[in-house]
Amino acid sequence: MALLHHDARRTGLRARSLGEYAPRAARRRLHEDLIQAGIVTSVAVVIALYIADGGLSRITGIGDAVGALGIAAGLVGTDLVLIMLLLAARTPFVDRTIGHDRAMAIHGSLGKPAFLLIVAHVVLLLASYAMASGADLVTEAVAMWSLPDMPLAVLGFALMGVVVVTSLVAVRRRFRYEVWHLVHLSAYAAALAALPHQFSLGGMFAEGTWQRWFWMAAIAAVLAALLVFRFAMPVVQTLRHRLEVIGIEPLADGVVSIVMTGRRLDALAARGGQFFIWRFLAGGQWWQAHPYSLSEAPRPDRLRITVRALGDGSASLARIRPGTRVAIEGPYGVFTDDARTSERIAFIGAGIGVTPIRSMLEDARFRPGQATVVLRSPDDAPPYLFDEIAGLCRAKGATCITVPGPRGRSGWLTDAADAAGHSLVGFVPDARDTDLYICGPRDWADHVVADAAAAGVPEERIHRERFDW
Ligand SMILES: Cc1cc2nc3c(=O)[nH]c(=O)nc-3n(C[C@H](O)[C@H](O)[C@H](O)COP(=O)(O)OP(=O)(O)OC[C@H]3O[C@@H](n4cnc5c(N)ncnc54)[C@H](O)[C@@H]3O)c2cc1C
């Protein structure tokens with residue numbers, strides 16, 4: 001373990017006072033609560049509108065009750081699908097509040113319940129119609145096929161089933177990311193195919209009802225968010241900023257930094273620690289887009305990423321040529337100074353996870369002596385970008401600690417550090433009052449987070465960037 005320096009010279013950098021962090025953190029918490037409340041409220045509104053439009057008054061027997069349950073399940077399931085699409089739309093409000101990875105985690109967690117509700121919708125309505133007509137379920141299903149827009153709805157249902165099954169972790173791992181992503185995108189087609197039958201069947205969304213207005217507004221809002229933020233904005237940004245590769249700098253075996261220039265990059269309002277989804281428009285590469293964090297603070301005429309070869313997409317970037325144009329989506333993520341809750345800050349990184357730490361360290365405001373950087377590496381080779389990180393620590397008065405060696409019992413430190421009784425608190429003395437920014441391999445980061453939680457660091461002070469989705 002090497003404590004490199006603790007340079008507390010005055011650097012003239014202005015740190016924010018605690019008074020500046022507290023209201024921002026409170027505002028973020030409020031926005032997060034609003035998102036959660038919005039999800040619950042939308043479900044309540046959907047049920048309330050169904051009841052208000054006479055959903056329950058139409059129940060005269062057991063068959064109708066089963067049918068009403070089926071309709072309610074379909075409405076809530078559709079509502080959840082719209083929420084999932086909205087969470088995936090990369091709206092600035094959601095991204096700035098909970099970050100893209102949390103948004104996608106919630107998106108993922110809603111997938112199964114939404115699908116099960118729609119399965120319940122199909123089964124309960126079939127049962128209800130069969131009870132009314134006295135036919136068996138198969139005969140009833142065949143009869144329903146001829147209802148308006150029903151074949152489209154069945155196609156949507158089947159597509160949704162494929163999306164849900166291919167998203168189960170065990171199944172997903174069998175596919176290349178790009179194949180899985182392509183299949184996943186058919187969720188848009190599934191949602192679109194299922195919509196017409198809601199309006200054409202049974203007068204449920206009859207003209208003049210609140211239900212009709214609510215659903216039309218909800219669908220329009222989600223479509224608009226997707227079109228604007230998912231499709232139009234990236235095209236506009238790419239055309240406007242005209243990013244192009246100007247340099248490729250080999251850093252270590254299988255690791256390169258790619259430097260890009262472009263027009264008015266300050267207008268992107270990117271922060272150190274954020275990531276973009278990059279598409280390098282060169283033969284053999286244009287068809288895949290990958291997320292990479294900025295590895296230095298963004299400048300008005302320059303962005304840089306540092307990439308470790310992990311698969312074919314990342315490996316191919318070592319062969320990229322200067323002059324290659326780059327399409328972007330972003331900036332995304334809340335691994336930034338904006339998420340701070342405290343004057344004290346610590347960065348804990350391992351492997352290629354140092355990239356957002358390097359750029360955020362440059363961007364972050366703190367007084368000398370208020371920041372700590374802990375870098376883990378599996379052997380004596382210096383961590384990636386170490387010279388730059390050490391230089392920034394010297395200039396800004398941060399403590400920089402490197403801990404080389406294979407992982408020990410703690411799961412994130414070394415055997416020697418574990419034997420000496422080191423833990424997070426040893427490296428970051430005021431850990432409870434410190435914002436921790438953690439990035440590294442998933443299970444390694446899990447151990448750091450567990451150590452932080454055991455040390456009593458509040459959840460809102462633990463900021464983690466995940467490199468896996
Ligand atoms: C927010 C974020 C920031 C990242 N920043 C960096 C960085 O600064 N430097 C760096 O070297 N790596 C970074 N990564 C990881 C990098 O995106 C993957 O290593 C890269 O996408 C792998 O692609 P591949 O074709 O080389 O490998 P593959 O063999 O195709 O995939 C390897 C792994 O990466 C995942 N992956 C592949 N494509 C994507 C994608 N488009 N979106 C999400 N996951 C994908 C796969 O699911 C798989 O687990 C970051 C990832 C995320 C999510």
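Start by selecting Ala269, which sits in the loop between strand S3 (255–261) and strand S4 (275–280). Helices (H or I, at least four residues) and strands (E, at least two) are DSSP runs here, numbered from the N terminus. You're looking at a predicted model, where local features need pLDDT of at least 70, side-chain atom pairs count only at pLDDT 80 or more, and totals for chains, interfaces and linings use all residues. Residues are numbered from 1 along each chain as its sequence is written, and side-chain values use heavy atoms, with hydrogens and water left out.

**Stop 1**

Most residues other than glycine have a negative phi, and most peptide bonds are trans. Ala269 counts as exposed, at 55% relative accessibility. The classes are: buried under 20% relative accessible area, exposed over 50%, partly exposed in between (1.4 Å probe, protein chains only).

Now jump to Arg242, in the loop between H8 and strand S2 (243–252). Arg242 isn't a glycine either, yet its phi is positive, at about 45 degrees. With a relative accessible area of 39%, Arg242 is partly exposed.

Next, pick Gly330 and Pro331: the peptide bond from Gly330 to Pro331 is cis, with omega near 0 degrees. Pro331 belongs to strand S7 (residues 325–332).

**Stop 1: the annotated span**

**Stop 2: the ligand**

A side-chain N or O atom of His290 is 2.7 Å from an oxygen atom of the ligand. At Gly311, a polar backbone atom is 3.1 Å from a ligand oxygen atom. For Tyr177, a polar side-chain atom lies 3.4 Å from a nitrogen atom of the ligand. The ligand has 880 Å² of accessible area on its own, and the protein covers 85% of that.

**Stop 3: salt bridges**

A search of the whole structure turns up 23 salt bridges, each one a side-chain nitrogen of Lys or Arg within 4 Å of a carboxyl oxygen of Asp or Glu. Select Glu296, Arg299, Arg302, Arg304, Arg358, Glu362 and Glu388 together, and you have a linked network of them.

Zoom in on Arg304 and Glu296, whose side chains meet at 3.9 Å, N to O. Are these two buried or exposed? Arg304 is buried at 3% relative accessibility, and Glu296 is buried at 3% as well.

Arg358 is buried at 5%, whereas Glu362 is partly exposed at 24%.

Then select Arg407 and Asp443, a salt bridge with its closest N and O atoms 3.1 Å apart. Arg407 lies in the loop between strand S10 (399–404) and helix H12 (415–419) and Asp443 in helix H14 (residues 442–454), so the pair ties together parts 36 residues apart in sequence. Arg407 is partly exposed at 37%, and Asp443 is partly exposed at 40%.

**Last stop: a nonpolar patch**

Finish with Leu227, Val228, Phe231 and Met233, which make a nonpolar surface patch of about 360 Å². Phe231 is in helix H8 (residues 210–241) and is partly exposed, with a relative accessible area of 44%. Patches are made of residues with over 30% relative accessible area and no salt bridge, with like charges joined within 9 Å and nonpolar side chains (Val, Leu, Ile, Met, Phe, Trp, Tyr) within 5 Å. Accessible areas come from the Shrake-Rupley method with a 1.4 Å probe; for residues, only the protein chains shown count as cover.

Conventions. Polar contact = N/O pair within 3.5 Å; in protein donor to acceptor, adjacent residues only side chain to side chain.
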